[in-house]
Amino acid sequence: MTSHTETEIASQPACWSRAAELAGTATLPRPGERVAVTGCGTSWFIAQAYAALREAAGHGETDAFAASEAPLGRSYDRVLALTRSGTTTEVLDLLRRVGGTGIRTTVITADPDTPVMTLADEAVVLDFADEKSVVQTRFATSQLALLRTHLGEDLTRAIADARDAITEPVPAELVRAEQFSFLGRGWTCGLAQEAALKMREASRAWTEAYPAMEYRHGPISIAGPGRVTWMLGVAPDGLADAVRKAGGTFVTRDADPMAELVRVQRAAVERAHAQGLDPDQPLHLTRSVILSP
């Protein structure tokens, strides 16, 4: 039987198209604003990707923080909170702390009937990208599709690449691999972190993530047979050869990095099935972390 996670992964091209259509009307950070982007888990990594993209696009200084670690003593014009469930304790606490300070707050969520809706000044609801699986896939990438389009990007190629990623078979060596190191550059450093998290959550794999240029400064020491170094984005010159010389497998493609993340999601599910794990219900995890007072 097809898992919810597999169904949700396959729906991403359509979800990205819908998210892109909303970008022109959504209330999101304006050019020139100083912005803090925050979330927990997957949403924190998407925040990192967006922060790098926004600064690179010249829209203004943008910082990304885990919701529990946001330094609110700094001077921000807006806090953008990312939360699929709208119930995560750290995000709600952060928005309460910001309330009344004069900092505008915007939230992107999947559920309009949650506490976060009353705590933020504006909300963008991507209910069409909500998920039954505990593991986030399409909501995370749909947020980023919305944000990338709002920054002026055309996602036509990304959507086409994602369609390819959904249909291509997962190589057997990725299902059997002992270890994964995911690498990124610029905005894809956040995607590398998310790729590592997805592989951990779904298949309990040993995974790490690094900026690509940092990989040779120590982490490459774990490369070897049965271990995969997976690049999201354009690899630095010579890195692939260095990994192969160490006996490792180097994975890179000329595709939009969000589509490459889709490939990682699919590999994580295939590995989960191979180990008899349920990708919809990863061990020790829940859809939202709600802490007792």
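Analyst: A crossing of two helices is called right-handed if the near helix is turned clockwise from the far one by less than a right angle, and left-handed if it is turned anticlockwise. The model examined here is predicted. In this model, helix 2 passes helix 7 in such a right-handed crossing. Two packed helices are described by the angle between their axes and the distance between the axes. For helix 2 (residues 12–22) and helix 7 (residues 156–167), the angle is about 165° and the axes lie 9 Å apart. Helix 2 is therefore roughly antiparallel to helix 7, because angles over 145 degrees count as roughly antiparallel. On the side of helix 2, the contact is formed by P13, W16 and S17, and helix 7 contributes A158, I159, A162, R163 and I166.

A second pair is formed by helix 9 (residues 188–203) and helix 11 (residues 257–274), whose axes come within 8 Å and cross at roughly 15°. This angle makes helix 9 roughly parallel to helix 11, since angles under 35 degrees count as roughly parallel. The crossing of helix 9 with helix 11 is right-handed. Helix 9 takes part in the contact through T188, L191, E194, A195, K198, M199, A202 and S203, while helix 11 supplies P257, M258, L261, V264, Q265, A267, A268, R271 and A272. The residues of this contact divide into 11 nonpolar, three polar and three charged.

Conventions: Residues numbered from 1 in each chain as written. Predicted model: local features only at pLDDT ≥ 70, side-chain atom pairs only at ≥ 80, totals over all residues. Heavy atoms only, no water. Axes fitted to C-alpha atoms, helices over the stretch in contact; angles between N-to-C directions. Helix = DSSP H or I, 4+ residues; strand = E, 2+ residues; numbered from the N terminus. Parallel < 35°, antiparallel > 145°, perpendicular 65-115°, else oblique. Contact = heavy atoms within 4.5 Å. Nonpolar A, V, L, I, M, F, W, Y, C, P; charged D, E, K, R; others polar.
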